[in-house]
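Hello,

Here is the structure for you to look over. My notes on its charged side chains follow below.

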Amino acid sequence: MRSVHLFQLSLPFIAALSLSGCLGGDSGSSSDDTRTGSLTYHGISGLHYTTASRSEPTDSAGQFHYYPGERLTFRVGNLTLASDVPAGQYLTPMEFLADIRENLNNPGTDDEGLRTHQITEQQLMTDTALLNLTRFLLALNWNERITEGDGIEIRDRVVQQLNKALPNLTAPIDFTVSETDFTALGTTPSPANQLLAAICFYPEDDELCQTPPTQEEINNAPPRPEDEDLRDPDVDYQEDLQSRRDRILDASRSLEDFDTEAAQDYLTRELDAITTDIGNRYYLDNETASHPASDTSIKNVSIRRINGDTDLANVEAISTRNQDVVVHAFSWQTANVEYFIAGDSGGESEVIVNFRPRNTYRWIRKSLRIIID
């Protein structure tokens, strides 16, 4: 198991954020208690969501609105992707699946003996249904490739074509089937690939959105004369039709273009970005501390949250050098960690504080460097 170290803000930067009001809360809210959540960190726009109070598409940033305690259904066009999903500040495809959502609350333990959700995320990321669903979402993005920092954009034009094609599929799309069945091509393509083949990811009047010439049309066309002077610009020759057919077919998408590795890379980037964003809202009231070796009284370091109550669900802490600094106690209720000096002058240690905020399965890590004078 690898050790996990999460990003920690410096105190000057924290102060600047506090003054500017950045990173102020878990999610946006208004006077009527409406919350704003995000579908992944960089967003999935164009998905339709439904709660008990509203039904609309996620906006251009992939955001949705909800009241505390509501549950969501997500659809792309008329195709349901997930239902009965508890609303929250951040949702990813991992929360779309009930069994994965439940298992996310079971953290792993890293090399330092501290709990971490990241090990659990990586283990669950091999789930076939999750990977099928994620690959499908990647394939619906308007641009074929998603660069780091970009979200998924599902345009109305894609949704309209999807809705038109859905009734013509040979079977419903089922994300729980095997990867082989979900991604099948050839003479009997899977329903998901049938759907993708019916969608043109170009403007409606683009040549690539036309029906490709049939082989019969190509065979019936005249061959192109070798002498350019004998060629008629108004005639579609065999070579022209074949080239057009190849361009149109090559522009068609399939799940083969979005493999398992691409899905796992995308999920990892989004999950890590969410953890960093949540972690940036918290800090320790000290980054470094100096104490004389003779002072063995109980000291403490507190967990703080920018512009809000700490509101923790759990906390744990360790010292990286117990011979120099010993962790005495810690409490999620008070968001405090107590420690005392045990070593000689010249020694030092780090107290690593690991905690889980309420309403998330994610563990955040901060550290205090302690120098013995």
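D324 is buried, at 7% relative accessibility (buried means under 20% relative accessible area, exposed over 50%, partly exposed in between, with a 1.4 Å probe and protein chains only). Its salt-bridge partner is R321, at 2.8 Å, N to O (a salt bridge is a side-chain nitrogen of Lys or Arg within 4 Å of a carboxyl oxygen of Asp or Glu). R321 is partly exposed, at 38%. Elsewhere, salt bridges with shared partners tie E207, D236, R244 and R247 into one network. By this rule the count is 18 salt bridges.

Before you go on: this is a predicted model, where local features need pLDDT of at least 70 and side-chain atom pairs count only at pLDDT 80 or more, while totals for chains, interfaces and linings use all residues. Residues are numbered from 1 along each chain as its sequence is written, and side-chain values use heavy atoms, with hydrogens and water left out.

Two further pairs:

- K299 and D295 meet in a salt bridge at 3.1 Å, N to O. K299 is buried, with a relative accessible area of 10%. D295 is partly exposed, at 26%.
- D285 and R304 form a salt bridge at 4.0 Å, N to O. This pair links distant parts of the chain, 19 residues apart: D285 sits in the loop between β13 (282-284) and β14 (288-291), R304 in strand β15 (residues 299-305) (strands are DSSP runs of E, at least two residues, numbered from the N terminus). Both residues are partly exposed, D285 at 27% and R304 at 38%.

Best wishes

Technical notes. Helices (H or I, at least four residues) and strands (E, at least two) are DSSP runs, numbered from the N terminus.
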